[in-house]
Amino acid sequence: MGAPSRHILYHMVQCSSALDSTFAAVADPTRRGILEHLGRRDASISELAETFAMTLTGMKKHVAVLEHTSLVTTKKEGRVRTCRIGPRMFEREAAWIASFQQMIDDRFDRLEALLERTTDE
Amino acid sequence: MTATTIRATITTPTDREIHIERIVNAPRDRIWRAYAEPALLSQWWGRGNQLDIERMEFTRGGHWRYVEHGPNGIAGFEGRYREVTPPDRFVRSFEWDGMPAHVAIEFVTLTGMGDGRTRITIVMQMHTTAERDGFLHSGMQQGMDASFSELDRLLAADCV
């Protein structure tokens, strides 16, 4: 293990409780469904309850778990509480895309280098 | 890191797709060969890592399997060709050993741009959003060295 790995390990230990609650939040299939739904569009608690065939109380509990880990944010306007995807979800996807991008760029850079080397074939 | 790198465009147009586009400075037929011929493919697909092309039956129904030997371990990829239409399109199933039996369908299209360059378009379709995220996450697993800073940032974000 190199220095970067130790650094990550340090973070993992330091952040373990936050990680635990995040993993617990997304371990539930209904909550993953809620994240997927909110990824497409914002929704009120009652809309979510209807979509997932659940009581308002049950849905409030799920949303509270997601809100606690910043995967979802909510805002009360009048009698309606609107849920939207939280900043953490965007960060996660952005970080994944950035690393995926690095992999793809490395691959095509190699392709281009190969084609330059073999240009006179 | 090179300052002049032409970057690929990577988007997630739907919750079950990854769309990749990159313009490469070479004509279409040469890029097709770089995909079709194992001796060429092994020189670039592994991004500088040793790449064993264990199977390469580049025809409809044929199997393919690549094994990449990276600094942090071995990663295998495999699938079967669904369509092979030289010199500009092939479609194949794509499975990463890290997510066994989660199969994506990969559409690769080469489009000549009329100026000696070629646009490579890759669309990866998955069955579920979880699978798509898993494939995106595979970039972290495979590109570990390049991605340590990303992973650090991700983990640091968990401390908020």
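**Working chat: cavity, sheet and helix H6(A)**

Reader: Which elements each supply at least two residues of the lining of the largest cavity?

Author: They are H6 of chain A together with S6, S8 and helix H3 (129–142) of chain B. Helices (H or I, at least four residues) and strands (E, at least two) are DSSP runs numbered from the N terminus. The model is predicted, with local features needing pLDDT of at least 70, side-chain atom pairs counting only at pLDDT 80 or more, and totals for chains, interfaces and linings using all residues; side-chain values use heavy atoms, without hydrogens and water. Residues are numbered from 1 along each chain as its sequence is written, while chains are lettered from A and ligands numbered from 1 in the order written.

Reader: Which element gives the most to that lining?

Author: H6(A) does, with five residues.

Reader: And how much space lies in the largest cavity?

Author: About 150 Å³. Of its 17 lining residues, Met103(A), Ile104(A), Arg107(A), Phe94(B) and Met124(B) are the closest to the centre. On a 1 Å grid over the protein atoms alone, a cavity is a set of points where a 1.4 Å probe fits but cannot get out, and lining residues have an atom within 4 Å of a point. Points are joined across faces, edges and corners, and the volume is the space filled by probe spheres set on them.

Reader: How many cavities of 30 Å³ or more does a search of the whole structure find?

Author: Two.

Reader: Changing topic: is Leu114(A) buried or exposed?

Author: Leu114(A), which has its place in helix H6 (residues 87–117) of chain A, is buried, because its relative accessible area is 2% (buried is under 20%, exposed over 50%, partly exposed in between, with a 1.4 Å probe and protein chains only).

Reader: What does Leu114(A) touch?

Author: Not counting residues up to four places away in sequence, Leu114(A) touches Ala34(B), Leu40(B), Gln43(B) and Trp44(B). Contact means heavy atoms within 4.5 Å.

Reader: In what order do the strands of the chain B sheet come?

Author: Eight strands form an open antiparallel sheet in the order S1-S2-S8-S7-S6-S5-S4-S3. Strand S1 (9–11) and S3 of chain B are the edge strands, each pairing on one side only. Two strands pair if DSSP finds at least two bridges between them.

Reader: How many bridges join S3 to S4 of chain B?

Author: Six bridges join S3 (residues 50–56) to S4 (residues 63–70), and Ile53(B) stands opposite Tyr66(B) in S4(B). The hairpin of S3(B) and S4(B) has six residues between the strands, and Gly61(B) takes a positive phi near 90° there.

Technical notes: On a 1 Å grid over the protein atoms alone, a cavity is a set of points where a 1.4 Å probe fits but cannot get out, and a pocket is an open set with protein on both sides within 12 Å along at least five of seven lines; lining residues have an atom within 4 Å of a point.
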